[in-house]
Every structure is written in structure tokens, then in C-alpha cells.
Amino acid sequence: MSRPPDPVPPVDLSTAQRNAIRALLRVAPVVDELGRLFEDRGGALALVGGSVRDALLDRLGTDLDFTTSLRPDAVEAIVRGWADAVWTIGRAYGTIGCRKGDAQIEITTYRSDAYDGETRKPSVEFGDSLEGDLARRDFTVNAMAVTVPEHTFVDPFGGVDHLAAGVLRTPVEPEVSFGDDPLRMMRAARFASQLGFRPAEPVVAAMREMADRIEIVSAERVRDELVKLLLGRYPRVGLTLLVDTGLADHVLPELPALRLERDEHHRHKDVYEHSLKVLEQAIDLEHRLEDPPDLTIRLAALLHDIGKPRTRKFQPDGTVTFHHHDVVGAKLVRKRMRALRFSGDLIDDVAKLVELHLRFHGYGTGEWTDSAVRRYVRDAGDQLDRLHVLTRADSTTRNLRKAQRLQRVYDDLEHRIERLAEQEELASLRPDLDGNQIMAALGIGPGREVGEAYRFLMELRMDRGPLGEDAARDALLAWWAERGA
């Protein structure tokens, strides 16, 4: 069973609520100070979008979004002498960014975005009214504004009512909105994950009808929305929406592919539901990691079984096998994450976890030798803590006794790793001799043979633990003499 989102706190547009918004704005005096600067230059300025939504939810942070009637050059001229830092990377889209104290601020000229149906980048046209700017926003809960310094609340599309109901609706017909920017379909799933909101049925219908339009959006923009979705509070809700509407078929096709037809004897689990459950259980274990929420473990948990559709085999006795789905899955992870323009380091980390997620099952009830434990630690490298989380999360059996046994066995493995780490410095596994010592012992210079000798000593270290330099040198010389023969 998936965990239902927490109820959205009630919101109304009463005088008390307006006063609450004003109080929140006064917490950040930078808001009204900036508003007066624009007012003095004859420009209108309003806090807008997610900032207003979060203020109503009593969670306004230091990232503040504004919209203005002034053009980017005028905006830059105002903030240059006021802000602590200014950046103009978004100028082509009408956005000037700056920092004042703790506040990270983006100020965007009234605008409208549209795709021509072929290019991956939207065209930008500047607008001339606040209401017109709000009409181009993705959802009504993000189409509210508070003018500054006047503190006039502007809500032409009923966003506050939809916020109170926890519903996502578009300011205009969803087909028009998604046609202007197909990425808004991904944002619907992202807000479902972050806030627990549900999209209205017309929004869902438009997502189903227009899912293929997401392909005109750049991979980087799709990736960024997927990351925000995965790091949200309810990623299952957002992912389910992507799959049910067909969007996932275009942005993460390996996920819906996990919905394998069950064999008639129900000999294997629902891989799709299992993967979502593993994701949820990994999130529950993120407290074991250094800096949650952790994108690496969430990607690995979601994708750990994506090799199963490619490797599924029905045996004559009716059983189902997925031999080598860990290796196949790691290759598929690399391919998909590269297509989404993830960083090389993140791809390597997630692929490593997927490739290693079955390794523990060879542990049995503790039959591994110390050598096997050392290799487990070596192969996991700096992903060992995440591998612990993934392996524990991958147990979704409803058999309580079996689940408890698996956890006890993994406890034992972790304790063995800790004991060996104390004795042998497992975190920095290396041979007892380095390259220079190997060359000195063998009387050779740099070359392929040094690498072979190093690997021999490394395997010896894995099998027998620390030997000390003298014993390692004796073993190396014996190996070298035998090799020469």
C-alpha cells in the first residue's frame, strides 16, 4: 500500500490570511525595500508563483520570485547598486537574478512562453500586465501574486481555492497550457510529489492526450523536473502519474516496462510495484546516509530491477528467472541516465549500486569468508553506505519471519564489515607494497609487469588480510620466480 499524502492545510482569502501574508513578507524586509526601488523607477513589482503559494502554506523561504513591468535592462540597473551580487544568465528569458543578504531573488519581466512544435526551446515574448503574466503560469496555485510594497493580493484564477483543496488546475485550458510548454505536464507530476496535490481530471486527460509532446523539450529540462519529483515527499504519487498518463513512456520508459504480465501461477512479484515499494523503503532508511534526501539512492532504488524485462525466462516447471538482470540493469541505467544528461559521476554511482544490489544474496546465513567480505567492501567503494540501504530496502516480502531473518543476516554482515574495518582499515584497501616498492623488490622499471604484480598483491590482500611488508615481499618474489619459470 502506498502512503497517502498528508492533508493540505486549509487556506482562505480572509482578512486574517492577508494579514498573515503581510506578516510573512515583513519577516523579509528586503521584499518591500525592493518594491519601493521599483516604485521609484515607475515599475510595478509583485511577489509571484511558488513564493506566494509557499507563503500561504506558511513555508516561505529565502528563494523569492518576482515579476515586473520593467524590461531586463531596467531591472539590472536597479539591482546593480542595491544587491550584494547580480547574475544575468537568464536575461534572454527576461530574468535577472541577484542576492541580497540571505535572499536569493529572481526578477522576471511579464512574459509569455510558447513552443512552435518543433524546437526544444520556448520563444519568449514580453507582456504588459500582471494578469497576463499570471495567465501563462503552469497552475493556478502558482498564478497568484502579491504586489509590493502595496501588498495587494492578486488571484484571477481561483488559485487560493485550489490550494485549499489540494488540486492542480491550469489558468487556461490544459491543452493550451501544455501546448505552450509541454514541460508543465512534468511539473504536474513534480507538484504531486512535492505537495501531495492531485491534478484535476481535465489536466490528467490532457496529459494522456499530449504525452508525446514532451519529446520537444530538452533532456536537461526533463531531467531537472524528474530530479525534483524524486526528491519530493511523495515520489510514488508523481511517478504513478507519469506512468498512468503515458509520459513515462517518453521520459523514463524503463519504468512502465516493469509492469510485466504476471505468470498464471503468480510465481514472481509485480516488479513495478516492488520497485516503488523499494523506493519508499529506501527513503525510510535515508537517515543512515549523510545528507538526505539522497538522489543517488532514490534513483538506484527505483531502477534497481530495470534489467528484469530483458532477462525474464519461463522455465519448464513454471518458475520465472531473471538471471543477470543486475548486470543488464546497470547497462540500461547508464544508457537512460546519459540520455537524460545526468553527470558522469552520478551515472557511475547509480550503475554500481544496481550492479551490486544482488551481491548480498550470496551471503546465505553468514557463509562468506573474510575474503568475500573484503571484496564486497572493495567493490562497493564509496557507495557502501548506500548499498547497505538499497539491500535492506530490497526486501519487500510480506512474510514477517523471512523479512526479520534477512535483516538479521544483513546486520551480521554489517557487523563483520565493522570488525574488519577496525582491524584492517578496509576503507583504504590496498596491497602491502606500493608501485615503487614492487619495482625495487623485482628490480624492474615502470610497465605492464608492475600492474600485474600490484593486482597479485591486491588479491593476496583480499584473501589473507594485511601481511606486512616483509611477508608481502616474500610472496611477491615467489610469484615472480614462478611466473618466470
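In this description, helices (H or I, at least four residues) and strands (E, at least two) are DSSP runs, numbered from the N terminus. The structure is a predicted model, in which local features need pLDDT of at least 70 and side-chain atom pairs count only at pLDDT 80 or more, while totals for chains, interfaces and linings use all residues. Residues are numbered from 1 along each chain as its sequence is written, and side-chain values use heavy atoms, with hydrogens and water left out.

Glu-286 lies in the loop between helix H13 (271–284) and helix H14 (295–303). With a relative accessibility of 4%, Glu-286 counts as buried; this term means under 20% relative accessible area, whereas exposed means over 50% and partly exposed covers the range in between (1.4 Å probe, protein chains only). The side chain of Glu-286 reaches the backbone nitrogen of Asp-294 at 2.9 Å. If residues up to four places away in sequence are not counted, Glu-286 touches Pro-292, Pro-293, Asp-294, Ile-297 and Arg-298, where contact means heavy atoms within 4.5 Å.

The wider setting can now be described. The protein chain contains 23 helices and 13 strands. Of its 485 residues, 52% count as buried. Among contacts between residues at least 6 apart in sequence, 67% join residues at least 24 apart.

Side chains of opposite charge can pair when their charged atoms come close. A salt bridge is defined here as a side-chain nitrogen of Lys or Arg within 4 Å of a carboxyl oxygen of Asp or Glu. A search of the whole structure finds 36 salt bridges.

One of these joins the side chains of Asp-133 and Arg-136, with an N to O distance of 3.7 Å. Asp-133 counts as buried because its relative accessibility is 1%, and Arg-136 is likewise buried, at 14%. Another salt bridge joins Lys-308 and Asp-305 at 3.5 Å, N to O, and both of these residues are buried.

The salt bridge between Arg-378 and Glu-459 has its closest N and O atoms 3.4 Å apart. Arg-378 lies in helix H18 (residues 370–380) and Glu-459 in helix H22 (residues 448–464), so the pair ties together parts that are 81 residues apart in sequence. Arg-378 is partly exposed, with a relative accessible area of 32%, and Glu-459 is also partly exposed, at 33%. Finally, salt bridges form a network that links Asp-138, Asp-181, Arg-187, Arg-190, Arg-221 and Glu-225.

Note on methods: A polar contact is a pair of N or O atoms within 3.5 Å; within protein, one must be able to donate a hydrogen and the other to accept it, and residues adjacent in sequence count only if both atoms are side-chain atoms.
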